[in-house]
Amino acid sequence: MRRESDFLYTTLYNTLKGQIISGFIKPGEYLLPESDLCKYYKLSRNSVRKALDLLQKEMLITKKVGLGTMVPLDLVIEPSKRKTLRIASPAPAYFVDYGLPQIIKAFQQKYPNVDVKIVHLPRDNFWESFRQSCDIGLNADIILSSDLQFTEAETMDAFMDLTPVLNDDNTATIYPKILNYYRLNDEIKAAPVTFTPVFLVYNPVMFEIDGIQPPNENWKLDDFIDAAQRLTKLEDDVIVQYGFSIFPYLTRWPVFALQNGLNTLEKASQKDIIQKSLLLIQDLFFRKRIATVYTEMPGPKNPFVSGKSAMVLTTTLEMSTWKDKNIGFEPRIAPLPFGEVKATLLQASALMIPKDCSDVPLAEAFIKISLEDDVQASFCWNSPFLSVKEKINTSIRDEQSLHALNVHGSLMQNNYFLRELFPNISTDELTAEMSLFWLGLESPQALANTFS
């Protein structure tokens, strides 16, 4: 089995090679310093250096002592005679690596004379990098964006209305909750291709070893806490296994607040609900000491994947990478137990067409193909990914799992995207504000004021 580190550095190699061959990085121009490549692509310095070594062997880059790494001045890229469809995508992006290839395969079966090129741009400054690529004439035909990146675009006037593309039987079964997120002034500015709720998974082996009843549909907060306490292990008074782990970012913890009644209507009580939810998190971490945090993947190992925590809040996007990690057990989905409201947080990946697209009919064809029933099903089989069509999910997933994911039937209406809950809050600034909270050095009461 290929090691995860191999996958990471070859992914960066392909990303940089694509930027060089496409002309995004021109002959005579320097690549980002190694430290910045590590930061933007969430990689270790060792992975970055392996990727650069591969590029150097192909003579696509040269290293200048004291100056950095540049594309050789005499490098000549022969233009292709085939048509090319360029997709700009943030990197890293789980769906690009594990789901999008299925769509591209289906597209190229119908359009064998078209090459699909992925232009990977750093996720942390995606729109700035996209603007730079446009400035040098490398316009993308399609953009793959997350729900957060969709709202961070400077203007929607630069993108086509996709209503005519989506107005057929092929796309009529998209979850209205998801499709409506991308409506703006009666126009649909992006076509969702996959989505994920935030949900809880557990390690059934750990539950069985300790004789703990597996979670069921009647699982409550007290049951969760009891299981997490029993599954937290100490050796010489040092915790070596936690009952629960969480990625400390806005894409996870608001689930606690949603389960306790947070929504877009009751603004008056929003602060109280957030404070109550943060108090619960504080209790799990610093009073009961049954929970821990982990940094975003790729990077240091997720404690759940490493067998160091029994439960974790995750997404289908993150979970899709676990197959490469040989984790040694089959994670199972548990109903969220943090409050009385059956609700969770949504994330989605969607396709957009810039108005300066070089081949609009081809880009529209790609989107239509991505939403065909058999294509949607293709990336859902044998992976955690969900389709944006309910009928596909119900044909592949069992009803119990869809209930636990909170996406079955009318349950979908209880869920929210992050920007629906907090439209005016900077995610980067709030993440910085919460850094002390995750260390136990900021009170929930003080932090809740940030949301008012």
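These legends walk through several close-up views of the structure above.

This is a predicted model, in which local features need pLDDT of at least 70, side-chain atom pairs count only at pLDDT 80 or more, and totals for chains, interfaces and linings use all residues. Residues are numbered from 1 along each chain as its sequence is written, and side-chain values use heavy atoms, with hydrogens and water left out.

View 1. Glu152, Asp428, Glu429 and Glu433 form a negative surface patch. Patch residues have over 30% relative accessible area and no salt bridge, and like charges are joined within 9 Å. A salt bridge would be a side-chain nitrogen of Lys or Arg within 4 Å of a carboxyl oxygen of Asp or Glu. Helix 20 (residues 427-433) supplies the largest share of the patch, three residues. Look for Glu152 in helix 7 (residues 147-152); helices here are DSSP runs of H or I with at least four residues, and strands are runs of E with at least two. Glu152 is partly exposed, at 41% relative accessible area (buried means under 20%, exposed over 50%, partly exposed in between, with a 1.4 Å probe and protein chains only).

View 2. The structure holds 27 aromatic pairs. Phe150 and Tyr182 make one of them, edge-to-face, with 4.8 Å centre to centre and 75° between the planes. Rings of Phe, Tyr and Trp (its six-membered ring) pair if their centres lie within 6.5 Å; planes under 30 degrees apart count as stacked, over 60 as edge-to-face and the rest as tilted. Distant parts of the chain are linked here: Phe150 sits in helix 7 and Tyr182 in the loop between helix 9 (176-179) and strand 6 (183-184), 32 residues apart. Both Phe150 and Tyr182 are buried.

**View 3. Phe285 meets Trp438.** Here is another edge-to-face aromatic pair, Phe285 and Trp438, with 5.7 Å centre to centre and 70° between the planes. Phe285 belongs to helix 13 (residues 270-287) and Trp438 to the loop between helix 20 and helix 21 (444-448), so the pair ties together parts 153 residues apart in sequence. Phe285 is buried, with a relative accessible area of 9%, and Trp438 is buried too, at 11%.

**View 4. A cluster of rings.** Trp219, Phe224, Phe244, Phe256 and Phe338 are joined into a cluster by ring pairs.

**View 5. Met311, hidden from the surface.** You can find Met311 in strand 14 (residues 311-314). Met311 counts as buried because its relative accessibility is 0%. From C-alpha to C-alpha, Met311 and Gly23 are 45 Å apart in space, and they are 288 residues apart in sequence.

Terms used: Patch = residues over 30% accessible without salt bridge, like charges linked within 9 Å, V, L, I, M, F, W, Y side chains within 5 Å. Areas by Shrake-Rupley, 256 points an atom, 1.4 Å probe, with all protein chains shown as cover. Lys, Arg positive; Asp, Glu negative; His and termini not counted. Charge placed at Lys NZ, Arg CZ, Asp CG, Glu CD.
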